[in-house]
Amino acid sequence: MPPFDIVIRGARIVTASDLFVADLGLRGETIAAIGRDLPAGDREIEATGYIVTPGGVDAHCHIEQLTATGLMNADSFETATRAAAQGGTTTVVPFAAQHPGTSLEKVVADYHEAAARGAIVDYAFHMIVTDPRPEILNRELPPLVRAGHASLKAFMTYDRLRVEDEKLLDIIWAARRHGCMVCIHAENHGMISWTSRRLLERGYKAPRYHVVSHPRLGEAEAVYRAITFATFLDQPIMLFHLSTREAVEIVHRARGEGRKIFAETCTQYLLLDAADLDRPGIEGAMWMCSPPLRDAEDREALWRGLENGTLQLVSSDHAPYRMDETGKLARGPDPSFKEIANGLPGIELRLPLLFDAMVSSGRMDLRRFVELTATAPARIYNLHPKKGTIAVGADADLVLWDPSLEVTIAQGPRHDNAGYTPYAGRRVRGWPVMVLRRGEVIVEKGELRAMPGSGRFLPRTGGEAAKPTGRLAPELDPGRNFGAVLTD
Ligand code: URP
Ligand code: ZN
Ligand code: ZN
């Protein structure tokens, strides 16, 4: 019996810290050996000239999720995760989304069931908390965290999802007590609704006004406020989907002051432009997401933020809605920008687009690409070293890249169910030609080989990233003033 089930020979292996040529010996679900001239495996994969990276970790994606207005997004766990697999992503962290008045426990059970039925890649959940009553935070949350759900998402905007400042403080405090990361959608709600109302009153309803209705200062203000809350309560936060140079600057300053703040951007904010929404009629709706797409200077600031460490990872924020009555046009054929579901499909193309924009373009080296798309998300959400790296003992989640294969992204259906891609027409160099999940080849020559339901839940604790720094605001310091009263 050969010692390995699969041997991948002669590839350039990339981790966040190393780049070397070697063979990989896989046994069962894990990487069993890394070296030269490994003994033969049951299956031999000749990979000279190819690059092998860890499977991508997409830590922000919306799958089979019900919006606050009752609209189901376009993807089931099966369709979203088959698309993820085709693009080289082998771990996803979608949401279990609570709506006001519902039980978080029940919501998590429902999403678990959907994922267990359909998921093709491995998954964990962030729990969206829209109704942080004491019953939820004190009774329902602790066992959910113990069951392996160690991150929450809170919204500072959206009519039916947002939490007021005091409630956000409650959520951050609960996260501190139970050891979770809080991910925050940071935009100022009042600025969005004030601007939207005035635009609509004056007859400006086309998709392009969506950009105007989310003022860039609204992101900056909310990012600053969220950082202030996190500092006050000494609990790390993750700022989701940063889009503006002002927000990057604020995070840069906070991290420079030693605050434990994490921040993400998404593929679309690095590659797409607000001008994409300027198309005639309703077409611009295909590029509508929140926060909205911005301009070239913002993109440059986001890229610099990735280069200097202000931003730690790039997610897809995959939020797919079809351009029909089931999705973007659910409120009729001529909706105002306020009536159009926000979100773009991106789970499949995140890695190929970023490989091209980071590596093939020469902007960043391969190790940084791996760090930003796999290792950092796995570390921050405490899935590392099982996920997000190539090491003996790690899950054999691997992507074989042909670095010279050029592909023009066509319009039309991909493997998800959105029915379109906002990236059509782009030519990328570098493509994932084979994908392995836990030692099993799940994509080969464009063919999906894994069954729905073969993805596995990844329970996790909050880990290092979610730990407080030990520097509570003076008012809350248990040794001083009312600290003991406020923090019991
Ligand atoms: O437009 C987006 N991003 N829709 C998904 C919801 C969110 O805020 O992440
Ligand atoms: Zn968001
Ligand atoms: Zn999102």
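Buried means under 20% relative accessible area, exposed means over 50%, and partly exposed is anything in between (1.4 Å probe, protein chains only). Keep that handy for this predicted model, where local features need pLDDT of at least 70 and side-chain atom pairs count only at pLDDT 80 or more, while totals for chains, interfaces and linings use all residues. Residues are numbered from 1 along each chain as its sequence is written, chains are lettered from A and ligands numbered from 1 in the order in which they are written, and side-chain values use heavy atoms, leaving out hydrogens and water.

**Salt bridges**

- A search of the whole structure turns up 44 salt bridges, each being a side-chain nitrogen of Lys or Arg within 4 Å of a carboxyl oxygen of Asp or Glu.
- One of them joins D334 and K205 at 3.2 Å, N to O.
- D334 sits in the loop between β15 (313–315) and α11 (350–360) and K205 in the loop between α5 (189–201) and α6 (208–213), so this pair ties together parts 129 residues apart in sequence; helices (H or I, at least four residues) and strands (E, at least two) are DSSP runs numbered from the N terminus.
- K205 is partly exposed at 32% relative accessible area, and D334 is exposed at 53%.
- R216 pairs with D298, with their closest N and O atoms 2.5 Å apart.
- Here R216 belongs to helix α7 (residues 216–233) and D298 to helix α10 (residues 296–308), 82 residues apart.
- D298 is buried at 0%, whereas R216 is partly exposed at 23%.

**The zinc ion (ligand 2)**

- Its protein donors are K153 (NZ), H185 (ND1) and H241 (NE2), at 2.1 to 2.3 Å; donors are N, O and S atoms within 2.8 Å of the metal (3.2 Å for Na, K and Ca), and water is not among the atoms, so sites may look incomplete.
- K153 lies in strand β11 (residues 151–155) and H185 in strand β12 (residues 181–185), so the pair ties together parts 32 residues apart in sequence.
- K153 is buried at 1%, and H185 is buried at 1% too.
- The zinc ion (ligand 3) is 3.8 Å from the zinc ion (ligand 2).

**Two helices**

- The axes of α2 (residues 104–118) and α3 (residues 134–146) come within 9 Å and cross at roughly 30°; axes are lines fitted to C-alpha atoms, for helices over the stretch in contact, and angles run from 0 to 180 degrees between N-to-C directions.
- That makes α2 and α3 roughly parallel (angles under 35 degrees; over 145 is roughly antiparallel, 65 to 115 roughly perpendicular, and the rest oblique).
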